Amino acid sequence: MEQTACTAMQARIAAIRARMEDAARRAGRNPQEIRLCAACKTQETETVRASAHMAIDLFGENHVQELVEKYDAGAYEGKEVHFIGHLQTNKVKKVVGRADVIESVDSQRLLDVIEREAEKQNRTQTVFLEVNIGGEASKSGVAPDELLPLLTYASSLPHIRVTGLMAIPPVLTSEEQNRGFLRQMAGWFRKAGELSLPGVSMQELSMGMSSDFENAILEGATLVRIGTAIYGARDYSKK
């Protein structure tokens, strides 16, 4: 990656960090409680490797093939990596053991497949449950009123540990509407924590992307997933 491109990326990350800190302070929160996840889908391995040396906390991958390629090439430079895209059950074996956290778990069936693969690999897989907070047919995620039963089921699986929730609110033109959905997610996050289930601890609330991460922080996000604002517009022709 060229030095000028690296310098520009560092400047973008610094600007994001400053906005994250400002939002945290406005919410009366400690900025150090909020982590920056670089959503790096479609990015080249060397671009990801370069960004790993910058002020990001972890990476998020949407596609299994990209996770495998970059992980096996050492592109994350030892930083934490989360799988944040829709996960098909037939690809679980490629993700367990590579992703530190699978954020997009939304069904008993997917939990069962992850449990079997984690047992086979003799490991415990950390997951978040994804909530379809806007009830959108085009998006994955468990319906909000089905979240607590799914959490209860997940707590019965010995090789799975649930440490948070993830959501992608509807794309809205109104900031008030956006914050309303984010606020609802924060409410479900609190309810989930109150269950006090074995193997379940609500440590992370993953919500907020390039367009709304400040709102997400104001409403309680502990992890924001930012791609375009770090890497620039995606070139989907590469993948």
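**Helix packing and the pocket**

Modeller: Let me start with one pair. In this predicted model, α5 (residues 108-120) packs with α6 at an angle of about 20 degrees, and their axes are 10 Å apart.

Colleague: Are α5 and α6 roughly parallel or roughly antiparallel to each other?

Modeller: Their angle is about 20 degrees. Angles under 35 degrees count as roughly parallel. α5 and α6 are therefore roughly parallel.

Colleague: What is the handedness of the crossing of α5 and α6, and which residues of α6 make the contact?

Modeller: The crossing of α5 and α6 is right-handed. From α5 come Q108, L111 and D112. By class, the residues of this contact are four nonpolar, one polar and one charged. The α6 side consists of L150, Y153 and A154.

Colleague: How many residues are charged in the contact of α6 with α7?

Modeller: L147, L148 and L151 of α6 meet W188, K191 and A192 of α7. Five of the contact residues are nonpolar and no polar residue takes part. Lys counts as charged, and K191 is in the contact. The charged count is one.

Colleague: Which residues are closest to the centre of the largest pocket?

Modeller: The largest pocket holds about 670 Å³ of space. It is lined by 34 residues. The closest to its centre are K139, I168, P169, M209 and R225.

Colleague: Which elements each supply at least two residues of that lining?

Modeller: By class, the lining has 12 nonpolar, 15 polar and seven charged residues. Elements that each supply at least two are β5 (125-131), α7 (175-194) and β8 (223-226).

Methods
Residues are numbered from 1 along each chain as its sequence is written. This is a predicted model: local features need pLDDT of at least 70, side-chain atom pairs count only at pLDDT 80 or more; totals for chains, interfaces and linings use all residues. Side-chain values use heavy atoms; hydrogens and water are left out. On a 1 Å grid over the protein atoms alone, a cavity is a set of points where a 1.4 Å probe fits but cannot get out, and a pocket is an open set with protein on both sides within 12 Å along at least five of seven lines; lining residues have an atom within 4 Å of a point. Grid points are joined across faces, edges and corners, and a volume is the space filled by probe spheres set on the points. Helices (H or I, at least four residues) and strands (E, at least two) are DSSP runs, numbered from the N terminus. Contact means heavy atoms within 4.5 Å. Axes are lines fitted to C-alpha atoms, for helices over the stretch in contact, and angles run from 0 to 180 degrees between N-to-C directions. Angles under 35 degrees count as roughly parallel, over 145 as roughly antiparallel, 65 to 115 as roughly perpendicular and the rest as oblique. A crossing is left-handed if the near helix is turned anticlockwise from the far one by less than a right angle, and right-handed if clockwise.
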